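Here are some notes for a colleague who is opening this structure for the first time. Please keep the view at hand while reading the points below.

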Amino acid sequence: VAPPLNAMAAPARKVSEPKPPSFEEEVNELMQPGIIPKLWGKPSAKVMDDPYSRETVGAEVERDGRALAHAGPPLKEDKELVLKAVQKDGSALMFASEELQRDKEVVLAAVACDGLVLGLAKDLIGDKEVALVAVAQNGMALRHCAEHLRDDQDVCLVAVQQNGRALRHASEQQQNNKEVVDVALENCTQALPYAGPELKKEWEEILTGRWKDEGWHLQRRQAGQILNQIKT
């Protein structure tokens, strides 16, 4: 008697999943000529067509700083061109030469445009002048500052004035600094979870009183969310 057909079937083979592309392969794909205008814009496409022309690169980075990505290496070392690029788009700092990524004038221009690019300037994250410019533009840049600056009252005050939630990235000492916490909470009640224990308790009472007295129904719901976040 012949065995059932299913008994004769060969064991199923495991289908191997395709290997994900490497980082280099993804970058190469994104740099294909047909992709450039769609993802990077026309200025980048023009630079890619003429990457060693100082005139072309200079004109196009003034339209879109990211076009610096497609400039020839010598032009990424050109401080005047790089300054034009980062003044238009701070994130263009990532395309500058390593030497210019350490140049204080270039970094100051970049963080004045986008404070978060401070994270790209590893050699200057401990420079107070650079940090103050960065956090004034975006308080959350405090997370990229060196440890001693996250414990600096001046830097933390500027950061929480710009964005109260930057209190999250301040040192424990500054989270217990009444002046810093008061500025942060007056600016943004969502900073409450990051205040030190005593100041958090003090501000819970202040906010509860305000919401009760002034009838801020929307804020009251927000308070409930914050308090639940604290409890968890």
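Predicted model: local features only at pLDDT ≥ 70, side-chain atom pairs only at ≥ 80, totals over all residues.

1. Leaving aside residues up to four places away in sequence, Leu142 touches Val135, Leu149, Arg150, Val155, Cys156, Ala159, Ala166, His169 and Ala170.

2. Leu142 also belongs to the largest nonpolar core, which has 56 residues, and it is listed with Val86, Leu167 and Leu185 among those with the most contacts inside that core. At least two residues of this core come from each of H5, H7, helix H9 (104-113), helix H10 (128-137), H11, H13 and helix H14 (197-214), and H9 gives the most, with six residues.

3. Two of these contributors, H11 and H13, can be examined as a pair. The axes of helix H11 (residues 153-162) and helix H13 (residues 178-187) come within 8 Å and cross at roughly 10 degrees; since angles under 35 degrees count as roughly parallel, the two helices are therefore roughly parallel to each other.

4. On the H11 side, the contact is made by Gln153, Cys156, Leu157, Val160, Gln161 and Gln162, while H13 brings Glu179, Val180, Val183, Ala184 and Asn187. Sorted by class, the contact of H11 with H13 has six nonpolar, four polar and one charged residues.

5. Helix H5 (residues 54-61) deserves a separate look, and its buried residues are Val57, Gly58, Glu60 and Val61. What covers these buried residues includes helix H4 (42-49), helix H6 (73-76) and helix H7 (79-88).

How values were computed: Residues numbered from 1 in each chain as written. Heavy atoms only, no water. Axes fitted to C-alpha atoms, helices over the stretch in contact; angles between N-to-C directions. Helix = DSSP H or I, 4+ residues; strand = E, 2+ residues; numbered from the N terminus. Parallel < 35°, antiparallel > 145°, perpendicular 65-115°, else oblique. Contact = heavy atoms within 4.5 Å. Nonpolar A, V, L, I, M, F, W, Y, C, P; charged D, E, K, R; others polar. Buried < 20%, exposed > 50% of the residue type's maximum accessible area, 1.4 Å probe, protein only. Core = buried A, V, L, I, M, F, W, Y, C linked by side-chain atoms within 4.5 Å.
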